[in-house]
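Hi,

Here is the structure I promised to pass on.

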Amino acid sequence: MTNTWMDIKNANVILVMGGNSAEAHPVGFKWVIEAKAHNRAQLIVVDPRFNRTASVADFYAPIRAGTDIAFLSGVIHYLLEKDAIQHDYVKAYTNASFLVREDFGFDEGLFTGYDEKERKYDKSTWQYELDELGFAKVDETLQHPRCALNLLKKHVSRYTTEVVSDITGTPKEAFLKVCEVIASTAAKDRTLTSLYALGWTQHSVGAQNIRTLAIIQLLLGNIGMPGGGVNALRGHSNIQGLTDLGLLSDQLPGYMNLARDEETSRSAYLEKRTPKPLRPGQMNYWSNYPKFHTSLMKAWYGKAATKDNDFCFDWLPKVDKVYDGLRAFDRMDQGKLSGYFCQGFNPLSSFPNKSKITQALSKLKFLVVMDPLATETSEFWQNHGEYHEVNPAEIQTEVFRLPTTCFAEEEGALVNSSRWLQWHWKGAEPPGECRTDIAIMADLFIKLRDLYRRDGGVFPEPILNLHWPYRMEEEPAPDELAKELNGYALADIPDPKDPSKVQVKSGQQLSSFAQMADDGTTASGTWIFCGSWTEAGNQMARRETSDPTGLGLAPNWAWAWPANRRILYNRASCDPAGKPWDEKRKLIQWDGSRWGGLDVPDFKADAGPDSGLSPFIMNNEGVARLFALDKMAEGPFPEHYEPFESPLGSNPLHPKVIYNPAARLFAGDKAMLGGHEEFPHVATTYRLTEHFHFWTKHAKINASLQPEQFVEVGEELARQLGIANGERVIVRSKRGFIKAVAVVTKRIKALQVGGKTVHQIGIPIHWGFKGVAKKGYLANTLTPFVGDANTQTPEFKAFLVKVEKDHSRGSAGHGQRAEAGKTRGETENASWLVRLLKGKTVG
């Protein structure tokens, strides 16, 4: 999130697209209701289904799954055509005026530099035109045809109302209504906030979905503003913490990344990640990358990391490619992995194409599962009949299950969507032999270290020299780890204003990442967490609810990274002269000598408006990017590409380039993609309030609330297929099938797309063959093994299926026939879920 949960209440318009926050984030959704009740905010929902969020929206627009970029690009076209943008903001705070290289171009679905064989781009033309000093050229008049704003106008000019409606299936009137409401926030005293979740990320163009909305918010001047922003609604309570700590395969903590194979020296590695300013006098905060990286290496390797050995740079792995989850399982399927540690993860349920995942796990020598629950993955080798049919005798994988504690049985911090680190305390003792993840990993490390000490081995130095300064070697305490992540001084740090004084004594906790050094005198496990546990104590445990601003900042509740800043880029909430765009939304302002106010300024505190510094200090040009340079895999501007399983079989914008040209597709998976002739219906997966992912089917209360697997089918499609409400259906894709109860509903309408009628169905994900709930099929039996080009997040939200009535058993599912006109909830043995979901809205 650029902003916070509580800040949603400050919005004038709330766009929920790519998520269903009333269903999936019901507690956080209270702030949407606050905005509607007290700020007269308008709530817009754009979604394939009329969902729970839509039931309380001011306006709902249907959309074909996987066409969000076409919809949002149409919004951009509308804003530019109607001149409904915040001109002063766009000119001062974006790269609208920056000139792009003359050899950059876009034609027939491809940007310049595409290598068809490698399915990737040479991005050298996706750059600014530079002057003789290496600075980007600009045209302040915005008249040059190659300035970023004019290139954007040209790029989106194809996304007319008619084209958008034809691609997305959204009726023209509905699309124009959404555009009109969004455009109203171009005014300096009105803001739009956007709430998205997995409905945007789980596409082969997922990252570009978000990027397109970011462009809209920049054009409207809504980044850095209270009630504005682009806000990711996280799922599991610590998913934000996962990315912060760098648990993705090519990342290091604090959004740094591992060196590539060709980066053999630390100096070359740091130089590449410490870019020079692209405009005179800009700040470019990543210039501190060497300080952050050196402090990380000191936290990991302690005294062993010295200037003479490049702070152990050579001990870090180098990557030749991204080894994400999809690649790991593809390698596993090829027999190239012997063992797999599966910690807090249930890939058999959570990864696409269950058949491939089962096959891959069956080729391992060993599988270690660390989880509080008996997951489907931990019992993949067991035969569960039609729900999971395997022959255990043919599977030789040895499975070790290590039971872990649940979050309520341990102490520590969780990072929520608002970037808040909130400390929690142990609420219960764990059952049986459950141990914390920390204890299990520490035990494993100590045993491995002892083996290396005793028997030697290849390259033992990183194991033998790992810094391990904990009170109980076999189980580091959460407070110790938290302090280490924050960082501490390894020598006295002088006060930069008066070098004769000591700012931080050796051994003390750092209070700011500004105190970090690149000479080995500071250590920090995650630079963005610096300030969370200082000499003043555990800032994450703070529970002061006062909100002097009235804007929902609550600055003394927990601690937000970075620097307890609640709204990122908040310098952009003021005009270039330092005055707030909107006095009612005043966060910070220039007082003549310093920036100050209600939030921590996201800026150099003493850099006045006449300094020329721009607000987007993490970009080396100082401004936000309408034109994204080389930062995205498939292009510097978003472009509509069809899902890899498209109901059209073509792309109306460029028939020769149908799908994302930079998305990775493994050879064996291409053959497992289905066509619209055989699989004519579009499917999308989603979650229910009554269940949490695959956990709560182990809880009797949740299993009672949503006891049986179902799929949502629109009334028109149900009539065509002769399916009555409550009857069982089979849903097939190229990769397999599931069976479920049909909930026939008005909430999913047939759409007119490309001159044809397209039907969509909704598939909740929560069932499986483990737990106390009634057994069901894993929804990812159906989904394709392809992911986003930038993040490799699988495309769960748009794929092709065929729906048909299940004639293999009684239509009510227990040898009984549902009476005509009655729901399954009205028959003797049927679930009540049909009654719960029946009707136009959900209670």
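Let's start with a quick one: are Glu376 and Lys697 buried or exposed? Both of them are buried. One thing to keep in mind from here on is that this is a predicted model.

So what do those two do with each other? Their side chains meet in a salt bridge, at 2.5 Å from N to O. The pair links distant parts of the chain, with Glu376 in the loop between E13 and E14, and Lys697 in the loop between strand E26 (681-686) and helix H20 (700-705), 321 residues apart.

The count of salt bridges comes to 44, and here are a couple of others to look up. The side chains of Arg158 and Glu639 form one of them, at 2.7 Å from N to O. Arg158 sits in the loop between helix H5 (148-156) and helix H6 (161-168), while Glu639 is in the loop between strand E25 (595-597) and helix H19 (667-670), so this pair ties together parts that are 481 residues apart in sequence. Arg158 is partly exposed, at 25% relative accessible area, whereas Glu639 is buried at 2%.

Then try Arg728 and Glu708, a salt bridge whose closest N and O atoms are 3.5 Å apart. Arg728 belongs to strand E28 (residues 728-733) and Glu708 to the loop between H20 and strand E27 (710-714), 20 residues apart. Salt bridges with shared partners also join Glu708, Arg728, Lys774 and Asp806 into one network. Arg728 has a relative accessibility of 6%, which is under the 20% cut-off, so Arg728 counts as buried. Glu708 is buried too, at 7%.

Now for the sheets. Strands E12, E13 and E14 make an open sheet in that order, with parallel pairing. At its edges are E12 (339-343) and E14 (398-403), each of which pairs on one side only. Neighbouring strands in this sheet are turned by 10° against each other on average, ignoring direction. E13 (residues 366-371) and E14 are joined by 6 bridges, and Met370 stands opposite Leu402 in E14.

The other sheet I looked at is also open and has 3 strands, in the order E15-E16-E23, but here the pairing is antiparallel. E15 and E23 (559-560) have a single partner strand each, so one side of each has no neighbour in the sheet. Between E16 (residues 420-424) and E23 there are 2 bridges, and Leu421 faces Trp559 across that pairing.

Next, the surface. Phe341, Phe366, Phe400, Leu402, Leu444, Leu448 and Leu451 form a nonpolar patch there, with about 560 Å² of accessible area together. Helix H16 (437-455) and E14 each supply at least two of its residues, and H16 gives the most, with 3. Phe400, found in E14, is partly exposed at 36%.

Thr404, in the loop between E14 and strand E15 (412-415), has a relative accessibility of 2%. Leaving aside neighbours within four places in sequence, its contacts include Met370, Asp371 and Pro372. Trp527, in the loop between strand E20 (522-523) and strand E21 (533-534), counts as buried at 6%. Trp527 and Lys291 are 236 residues apart in sequence, with their C-alpha atoms 9.1 Å apart in space. Not counting residues up to four places away in sequence, Trp527 touches several others, among them Tyr285, Trp286 and Phe513.

Cheers

Conventions
Residues numbered from 1 in each chain as written. Predicted model: local features only at pLDDT ≥ 70, side-chain atom pairs only at ≥ 80, totals over all residues. Heavy atoms only, no water. Pairing = 2+ DSSP bridges. Helix = DSSP H or I, 4+ residues; strand = E, 2+ residues; numbered from the N terminus. Axes fitted to C-alpha atoms, helices over the stretch in contact; angles between N-to-C directions. Patch = residues over 30% accessible without salt bridge, like charges linked within 9 Å, V, L, I, M, F, W, Y side chains within 5 Å. Areas by Shrake-Rupley, 256 points an atom, 1.4 Å probe, with all protein chains shown as cover. Salt bridge = Lys/Arg side-chain N within 4 Å of Asp/Glu carboxyl O. Buried < 20%, exposed > 50% of the residue type's maximum accessible area, 1.4 Å probe, protein only. Contact = heavy atoms within 4.5 Å.
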